Amino acid sequence: MVGVKRCALLLLVLGLLAGCAPGDQSAHTVLSSDGVSIRYDDLGAGDPVLVFVHGWSCDRSYWSGQIEHFAESHRVVNIDLAGHGDSGLDRSEWTMQVFGEDVSAVVTALDLHNIVLVGHSMGGKVIVEAARQLGDRVIGVVGVDTYHRGGRETPREQQEEVFEQLAEDQAGFISDFVDRTFVEQSDPAIKEWVKADMAAAPYASAVGARKASGSYDATPAIASLDVPFVLINSDFLPTDIAYLEANAKLFHYLEMSGVGHFLMMEDPETFNALLAAVLADIT
């Protein structure tokens, strides 16, 4: 069981996040608002359109257990945010607003409507910002193991320990973080793959994205949503449901057990069934 101190630190790190891409003919590129190239996959057909957004120091391959499954009945778009995966690294300003513009650039280029945005960890913050930018193109927002702290900005002084550890030893910090985001039942092969993949993320984008996530207060964006806002979270850490219920107009919470932070990878069958049920309710 995670101790009080470790639980507090892990909640802090997930707040900062919250937190091997395909290379075939489905992959395309568009420029974001600041000129950074954004790589994405566009597969399948059918409404609603699902737009998947990964978390901090991850990439679009983390949704591999969902893409093929949902592309059988939906149009599915899977995005690498700037500084991640196959997207460009030349970003100078790292904010959740600009990450939201990465998503908006893809959606606008494809002229997508009737969209459900799905975001893991830090991607949960990105998608509420993207939803605010995209307006009535979006019919639902689904966060995945995110908003454990409710989406509030993390006080700077509480972030210092994380900043220092990442600066001193990025691979060591990632290794420790990943160890603490999986549970006893987790497949060790998945954990080791995630550990190696996240540790290989470019340092500049890892630092930029982490600071952007930690300094972002998602509350105004959450409050502005006029569409269903759903969380599918693991129970390995508590979620501040009361804060989210107080700020979101149409909030619904679902929970998975026996999995850690990367629940869509650890138990894709259960996750996909929950997401399918959410889509049925939204539409």
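This is a predicted model: local features need pLDDT of at least 70, side-chain atom pairs count only at pLDDT 80 or more; totals for chains, interfaces and linings use all residues.
Visitor: What makes α8 count as mostly covered?

Guide: Of the 12 residues in α8, 9 are buried, and a residue is called buried when its relative accessible area is under 20%. Those buried in α8 are S205, A206, V207, G208, A209, R210, A212, S213 and G214.

Visitor: Why is A280 called exposed?

Guide: A280, which has its place in helix α12 (residues 268–282), has a relative accessible area of 52%, and since exposed means over 50%, A280 is therefore exposed. In sequence A280 and P48 are 232 residues apart, while in space they lie 9.7 Å apart, C-alpha to C-alpha.

Visitor: Why is helix α3 called oblique to helix α4?

Guide: Helix α3 (residues 96–110) packs with helix α4 (residues 122–134) at an angle of about 60°, their axes being 8 Å apart. That angle makes α3 oblique to α4, because roughly parallel would need an angle under 35 degrees and roughly perpendicular one of 65 to 115. The crossing of the two helices, α3 and α4, is right-handed.

Visitor: Which residues make the contact between α3 and α4?

Guide: Among them are M96, F99, V103 and V107 of α3, together with M122, V126, A130 and L134 of α4. Taken by class, the contact of α3 with α4 has 8 nonpolar, 5 polar and 3 charged residues.

Terms used
Residues are numbered from 1 along each chain as its sequence is written. Side-chain values use heavy atoms; hydrogens and water are left out. Buried means under 20% relative accessible area, exposed over 50%, partly exposed in between (1.4 Å probe, protein chains only). Helices (H or I, at least four residues) and strands (E, at least two) are DSSP runs, numbered from the N terminus. Axes are lines fitted to C-alpha atoms, for helices over the stretch in contact, and angles run from 0 to 180 degrees between N-to-C directions. Angles under 35 degrees count as roughly parallel, over 145 as roughly antiparallel, 65 to 115 as roughly perpendicular and the rest as oblique. A crossing is left-handed if the near helix is turned anticlockwise from the far one by less than a right angle, and right-handed if clockwise. Contact means heavy atoms within 4.5 Å. Ala, Val, Leu, Ile, Met, Phe, Trp, Tyr, Cys and Pro count as nonpolar, Asp, Glu, Lys and Arg as charged, and the others, Gly among them, as polar.
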